[in-house]
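Hi,

Here is the structure I promised to pass on.

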Amino acid sequence: MANISFKTISLSNSTTTSAARLGELAFSTIPKIIETPAAMLYVRTGVVPDVTYDFIPDNVTRLLEIPLGSLVESMNNLENTESYANFARLSNPIYCPFHDTLVPLRAGGNGNLFSSVWTKSGRKELNIDRFKKLIQLVKPTMYETMFDGDTPFDQTTDKRFTKDRERSRKFLENSLEEQKNSTNIIIPLVGGYDKRHRELYLNEILRLIPKYEKNIFGVSFEGIHSYGPLTENLNIDTLKPLIEETRKKLNDYKNLLFTMPLLWRPDNVIRAVDLGFDLFSGAYVPYISDRFIILSFRYNDKMSSNITGPDYNINSKEYMNGKQSLLSNCECYCCKNYTQAYVYHLIQTKELLGRTLITIHNLYHYHAFFQAIRESIKANTWNEYRTMILEQYPIQEQK
Ligand SMILES: [Zn+2]
């Protein structure tokens, strides 16, 4: 596996209570450093949904997010190749989260010796040996270990939480012990919304970290939701106490990367950067592009204030004769070459090119947003920046 390092390089102005921070991911296999906070590029079965690699905008962060579940079916094909990257001809670093952010989990898929991943074609069971074998075949740059995490909000008993912790820890230890598998691990932090169980689990992790410090690369907040479309509207503020508590306990490990799987709506990205998150799933882009949603929020103050709101649906008759681009002054390939009317027409005639053009615009816009986030933290203007983004989104209902 490739060597990889992460270090946080500065913190935003300490006059705020924000934990926003900059980080640098460095890899032994590529010369380029990836700066955080950053979104990954979501890949499924070797491709970015709806767009070929040639058409991915230049500003997109080239860190591939490949859910492990999407690879289970390729296991046999991988046996005869050197690695998944070779097999799928991918030259960028790869992160394999255990679950697919786009696919909802269903309850009851886990046992003492196995955990399930959910794919579009249903449930795939993985026991620890199969999981380790899959990691050996895929050889991702970093990966999240197998976990339980089946702890739906308000429906989880104490006994279930205890099982969740026991199993997740066993799976983690098993991966850590296997030396060749144990580099660049992201630890799933479980315990649902239960403060006590999260704390108990974190204490166990804290006991493991000194022994495996070289192998543990970061933490991922798990067991909080059941993945899939509902996570677009998760109220991040409700997570604040448990995330801050975790951050406090991990204070001695400043260079542990923080991540969480979610369909990251831009205003939630802002709230999470404030809580110190570094790495974000990129699944929001295929999720909205699939629904013909066009990102149109202002991600820097040079952009004219929009009249369409933070996003809009291009599949609406009002754009039938739209002579403008998807977003005026956008520098992406789609906006420089095509009109709203053309994209609308492609959708109506069910041409795949429609989704391709939408994806190109949304990838460009989303990753330009993350770049602007990093620049604002560097320039100490994070407070103003966060306000500018949050003002464009309706206030969240408390759930
Ligand atoms: Zn555009």
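A word on charges before anything else: Lys and Arg count as positive and Asp and Glu as negative, while His and the chain ends are not counted. On that basis the protein chain has 47 positive and 45 negative charges, and their mean positions are 2 Å apart. Please keep in mind that this is a predicted model.

Now the overall picture. The protein chain has 12 helices and 16 strands, and its C-alpha trace spans about 60 × 55 × 45 Å along the principal axes. The radius of gyration is 21 Å, which agrees with the value near 21 Å for a compact globule of 399 residues. Buried residues account for 59% of the 399. If you take the contacts between residues at least 6 apart in sequence, 69% of them join residues at least 24 apart. The exposed surface comes to about 17,700 Å², with carbon and sulfur atoms supplying 48% of it.

How many residues of α7 (residues 266-274) are buried? It is 9 of the 9, so this helix is largely enclosed by the rest of the structure. The buried residues are P266, D267, N268, V269, I270, R271, A272, V273 and D274, so you will find charged residue types in that list too, as Asp and Glu count as negative and Lys and Arg as positive. They pack against β14 (279-280), α8 (284-289), α11 and α12 (382-390). After α7 comes G276, with a positive phi near 95°.

The other helix is α10 (residues 340-348), where the buried residues are Q340, A341, V343, Y344, L346 and I347. Their packing partners are β16 (311-313), α9 (333-337) and α11 (352-378). So α11 turns up again, since the buried residues of α7 pack against α11 and a contact means heavy atoms within 4.5 Å. K350 follows α10, and its phi is positive as well, near 55°.

A disulfide is a covalent bond between the sulfur atoms of two cysteines. With a cut-off of 2.5 Å between the sulfur atoms, the count here comes to 0 disulfides. C334 is in no disulfide, and the nearest cysteine sulfur, that of C335, is 4.9 Å away. C334 is buried because its relative accessible area is 0%, and the cut-off for buried is under 20%. C330 is buried too, at 10%.

Is F147 buried or exposed? It is buried, with a relative accessible area of 2%, although F147 sits in the loop between β10 (142-144) and α4 (158-177). Leaving out residues up to four places away in sequence, F147 touches F98, H99, S115, S168, F171, P188, V190, E222 and Y227. Of these contacts, F171 is 24 residues away along the chain, yet the two C-alpha atoms are separated by 6.4 Å.

The other one is T119, in strand β8 (residues 114-119). T119 is buried, with a relative accessible area of 11%. With residues up to four places away in sequence again left out, T119 touches G69, V103 and K124.

Technical notes: Residues are numbered from 1 along each chain as its sequence is written. This is a predicted model: local features need pLDDT of at least 70, side-chain atom pairs count only at pLDDT 80 or more; totals for chains, interfaces and linings use all residues. Side-chain values use heavy atoms; hydrogens and water are left out. Buried means under 20% relative accessible area, exposed over 50%, partly exposed in between (1.4 Å probe, protein chains only). Helices (H or I, at least four residues) and strands (E, at least two) are DSSP runs, numbered from the N terminus. The radius of gyration is taken over C-alpha atoms; the globule rule is 2.2 Å times the number of residues to the power 0.38. Accessible areas come from the Shrake-Rupley method with a 1.4 Å probe; for residues, only the protein chains shown count as cover. The place of a charge is taken as NZ of Lys, CZ of Arg, CG of Asp or CD of Glu.
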